[in-house]
Amino acid sequence: MSFSSQASFRTISAGFLAVILTGAILLWLPFASHQDGYADFLDCLFTATSATCVTGLVVHDTASHWTLFGQIVILILIQLGGMGVLTVALAITKLSGQQIDLRTRSSMQNSVSAPTMGGIVRLAAFIIKGTLLFEAVGTLLLAFSFCPIFGFWKGLWYAFFHSISAFCNAGFDLMGTYSGHYSSLTSFITDPLVNLTVCPLIIIGGLGFLTWEDIYKNKLQWQRYSMQSKSIILLTTALIVLPFVFFYFFEHVNLTPTERFWSSLFQTVTVRTAGYNTVDFNLYSENGIFLFIVLMIIGGAPGSTAGGIKITTLTVLTVTAVSVYRRKDVPQCFGRRIPDETVRDALAILSLYMFLFAGSAMVISIAEGLPLITCLFETASAIATVGVTMGITAKIGWLSKAILIFLMFFGRVGGLTIIYAAVKYNPAEQARCPKGSITVG
C-alpha cells in the first residue's frame with residue numbers, strides 16, 4: 001500500500017462521514033419529523049448512517065415519523081450511499097468542466113473496487129446511467145401496484161422511493177401508515193408484480209458495477225467473463241436457489257403453497273443485503289435464523305450496493321481450503337491462480353467481520369438483556385448493511401445504537417478501507433524476519 005492509496009482510503013472514509021453528518025443535521029431540523037421540536041440527535045445520526053450505508057435499520061418508522069422533507073433527505077442519502085459518494089462527486093466534477101486529478105481517480109478506483117485506474121471516469125458514467133435506468137424501470141413497474149392503492153401521486157412517490165431503496169439494497173419502506181409500523185412489505189407477500197420487481201432490483205444492485213460492465217460488454221459469451229464475474233454470478237445463483245429450497249420445505253409449513261413460494265424467494269434474496277421482508281423474522285425457527293445470519297455475513301459482490309464479507313471473499317476462502325485439502329501449493333479458480341495477498345486479505349476480512357459481529361452481539365445482549373441469537377441477527381444485519389431485524393432496533397439504548405452505527409459505517413465503507421486509512425504505511429517495516437515454526441490444525 002502506497003501513501004497515495006492511504007490518502008484515497010481516507011478520502012473515501014471522510015466522504016461517507018461528511019454525508020452522514022450532513023444528513024443527520026438535516027433530519028434533526030424540526031420540520032424533518034412529526035414530533036415537536038428537535039428530534040433526538042442520536043436517532044437522527046442512526047437514521048442517516050443507516051440510509052447512507054444503505055442498511056435499512058431504523059429506530060423510528062419511516063412513514064409515520066418523518067415528514068416528506070425527512071423522507072426526501074433519507075432517499076437522497078440512500079442514493080448517494082448506493083452509487084457511492086465519490087461516484088457522484090466525480091460526476092459533478094466532470095459536469096462542471098473541471099479536470100479530474102489522479103488522486104480523485106485513485107479514490108474512485110478503490111471506492112468501486114476497480115482493478116485499474118484506466119477508464120474510471122467512463123465507469124462512473126456507466127454506473128450512474130445504469131443506476132438511473134434500473135431505478136426508472138422499477139418505479140414504473142411498482143407504480144402499477146401502488147397507484148391503485150395509494151392514488152396516482154402518492155403511489156408514484158411510493159414506487160419511486162421503494163425502487164431506489166430496493167436497487168440500492170437499503171430496505172427503507174413507507175408502508176408504516178398502510179400496514180402498520182415497521183411492517184415492511186408484509187402486505188405484498190403474494191403480489192407477483194412487487195416480488196418480481198423488488199427481487200431483481202436487489203439482485204442487480206448486489207451483483208456489482210464491474211459485473212454489470214462485464215455482462216454489458218460480453219453479453220452471453222461466458223468464456224470471456226472475468227474470473228471475478230464468473231464466481232459472482234455462479235455463487236449468487238447458488239445462494240438464491242439452495243436457501244430457497246430450504247425455506248420452502250422446512251419453514252412456514254402453515255402457509256399456503258403460494259405464500260411459501262413467494263416468501264421463501266423474497267427472504268432468500270433480501271436477507272443477503274436488502275433489508276425488506278414479507279414475513280416477520282420472529283416466526284422463523286432457530287435453524288432458519290442461523291441460515292439468515294450466514295447469508296447476511298456473506299453479502300453481495302464488491303463494488304456493489306451490497307455489504308457483507310462479499311461473495312468473492314467466500315470464493316477465495318473456499319478455493320484456498322480446497323487447495324489445502326487436495327495438497328496443492330496454489331489455490332486456483334476457473335484456471336487462474338489466486339495471489340497470496342488476496343488470500344491474506346480474505347482471511348483478514350473474515351476475521352474482522354466475525355470478531356466485530358460476534359463481540360458486538362455479546363455486548364448488546366448483556367446491555368439489553370436480550371437473547372444472544374437475536375443480537376447476533378441484529379449485528380450481522382448492521383455490519384453486512386442488510387437492515388432486517390427481529391424487532392429490537394427501536395427498543396435498544398444509546399450504547400447499543402452507537403455500536404450499530406459503527407458496524408453500519410464499518411460495513412459500508414469497508415473494514416480494510418478504514419484500517420488502511422488509519423494505519424500509517426511504513427515501507428521500512430516490510431523487511432522479512434527469520435522464519436518461525438507454528439503448528440495449526
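**A guided tour of the chain**

Visitor: Is His65 buried or exposed?
Guide: In this predicted model, His65 has a relative accessible area of 12%. Buried means under 20%, so with its 12% His65 counts as buried.

Visitor: Which residues does His65 touch, leaving out those up to four places away in sequence?
Guide: His65 sits in helix α3, made of residues 62–65. Leaving out residues up to four places away in sequence, its contacts are Ser33, His34, Gln35 and His60.

Visitor: How much of the chain counts as buried?
Guide: Let's step back to the whole chain, which has 19 helices and 2 strands. It exposes about 20,300 Å², with carbon and sulfur atoms supplying 66% of that area. Among its 441 residues, the share that counts as buried is 54%.

Visitor: Which residue forms a salt bridge with Asp43?
Guide: Side chains of opposite charge can pair when their charged atoms come close. A search of the whole structure finds 1 salt bridge. For Asp43, the closest N and O atoms of the pair are 2.7 Å apart, and the partner is Lys401.

Visitor: How many residues apart are Asp43 and Lys401?
Guide: Asp43 belongs to helix α2 (residues 41–52) and Lys401 to helix α18 (residues 398–413). Both Asp43 and Lys401 are buried. The pair links distant parts of the chain, with a separation of 358 residues.

Visitor: Where is Ser183, and is it buried or exposed?
Guide: Ser183 lies in the loop between α9 (176–179) and α10 (192–207). Its contacts include Met175, Gly176 and Asn277, not counting residues up to four places away in sequence. Because its relative accessible area is 7%, Ser183 is buried.

Visitor: How far is the backbone oxygen of Gly180 from a polar atom of the side chain of Ser183?
Guide: Here is a polar contact to look for in the structure above. One atom is the backbone oxygen of Gly180 and the other is a polar atom of the Ser183 side chain; the distance is 2.7 Å.

Visitor: What should helix α15 span at 1.5 Å a residue?
Guide: Helix α15 runs over residues 311–325, which makes 15 residues. The expected span uses one less than the number of residues.

Visitor: Which elements do the buried residues of α15 pack against?
Guide: The buried residues of α15 include Ile311, Val316, Leu317 and Val319. They pack against a strand and several helices: β1 (332–333), α12, α14 (286–298) and α16.

Visitor: Which residue takes a positive phi just after α16?
Guide: Helix α16 has 29 residues, 340–368, and reaches 42 Å from its first C-alpha to its last, close to the expected 42 Å. Among its buried residues are Val343, Ala346, Ile349 and Tyr353. Just after this helix, a positive phi of about 65° is found at Gly369.

Visitor: Is Leu242 buried or exposed?
Guide: Leu242 is found in helix α12, residues 227–250. Exposed means over 50% relative accessible area. Leu242 has 60%, so the word for it is exposed.

Definitions and conventions: Residues numbered from 1 in each chain as written. Predicted model: local features only at pLDDT ≥ 70, side-chain atom pairs only at ≥ 80, totals over all residues. Heavy atoms only, no water. Helix = DSSP H or I, 4+ residues; strand = E, 2+ residues; numbered from the N terminus. Buried < 20%, exposed > 50% of the residue type's maximum accessible area, 1.4 Å probe, protein only. Contact = heavy atoms within 4.5 Å. Polar contact = N/O pair within 3.5 Å; in protein donor to acceptor, adjacent residues only side chain to side chain. Areas by Shrake-Rupley, 256 points an atom, 1.4 Å probe, with all protein chains shown as cover. Salt bridge = Lys/Arg side-chain N within 4 Å of Asp/Glu carboxyl O.
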